[in-house]
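Visitor: Hi! I'm new to this one, could you show me around?
Guide: Gladly, here it is.

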Amino acid sequence: MYSLLMTILLILSVVIIIAVMMQPAKTDNAMSSLTGGAGDLFSKQKSRGFEAFMQRVTAVLLFLFFAITIAMVYVSAH
């Protein structure tokens, strides 16, 4: 059981890396580095299309990663 979870965890880790790399880059200008991004606080727009899809996919993959990690701890302790 432990080796199956470890295999799933390794595959999931690679998929998470790919999902994070596929997310669109958010370009910041020089002014946001000086102000700390305070100008973007109220001008944040809701993600749409591919960006929103990739954010959801990444969130689900991270949830699965932590769930499998906790399952591995439980299996190794018992």
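**A first walk through the model**

Visitor: Where is I18 found?
Guide: I18 sits in helix α1; helices (H or I, at least four residues) and strands (E, at least two) are DSSP runs, numbered from the N terminus.

Visitor: Before we go on, what kind of model is this?
Guide: This is a predicted model, where local features need pLDDT of at least 70, side-chain atom pairs count only at pLDDT 80 or more, and totals for chains, interfaces and linings use all residues. Residues are numbered from 1 along each chain as its sequence is written, and side-chain values use heavy atoms, with hydrogens and water left out.

Visitor: Back to I18, why does it count as partly exposed?
Guide: Because its relative accessibility is 47%. Buried means under 20% relative accessible area, exposed over 50%, and partly exposed in between (1.4 Å probe, protein chains only).

Visitor: Which residues form the nonpolar patch on the surface?
Guide: V14, I18, M22, F50 and F53 form it, with about 490 Å² of accessible area together. The elements that give two or more residues to this patch are α1 (2-22) and α3 (50-77).

Visitor: Which element gives the most to it?
Guide: That is α1, with three residues.

Visitor: And how do you define a patch and its area?
Guide: Patches are made of residues with over 30% relative accessible area and no salt bridge; like charges are joined within 9 Å, and nonpolar side chains (Val, Leu, Ile, Met, Phe, Trp, Tyr) within 5 Å. A salt bridge is a side-chain nitrogen of Lys or Arg within 4 Å of a carboxyl oxygen of Asp or Glu. Accessible areas come from the Shrake-Rupley method with a 1.4 Å probe, and for residues only the protein chains shown count as cover.

Visitor: What about F53, where is it found?
Guide: F53 belongs to helix α3 and is partly exposed, because its relative accessible area is 48%. The C-alpha atoms of F53 and Q23 are 9.3 Å apart, although 30 residues separate them along the chain.

Visitor: Which residues are buried in α3?
Guide: A52, M54, T58, L61, I68 and M72 are buried there. What covers the buried residues of α3 includes α1.

Visitor: What does T58 touch?
Guide: Not counting residues up to four places away in sequence, T58 touches A19, V20 and Q23, where contact means heavy atoms within 4.5 Å. T58 is buried because its relative accessible area is 8%.

Visitor: How far apart are the end C-alpha atoms of α3?
Guide: They are 41 Å apart, which agrees with the 40 Å that its 28 residues should span at 1.5 Å a residue. The expected span is 1.5 Å times one less than the number of residues.

Visitor: Switching topic, what does UniProt list for residues 53-75?
Guide: An unreviewed UniProt entry lists residues 53-75 as "transmembrane region"; such annotations may be inferred rather than shown by experiment, with feature names shortened and positions given in the numbering used here. In this model that span is 100% helix and 0% strand, with its end C-alpha atoms 33 Å apart.

Visitor: Where is P24 found?
Guide: P24 is in the loop between α1 and α2 (30-35). Apart from its neighbours within four places in sequence, P24 is in contact with F50 and E51.

Visitor: And the whole chain, how many helices and strands?
Guide: The protein chain has three helices and zero strands, and buried residues make up 17% of its 78 residues.
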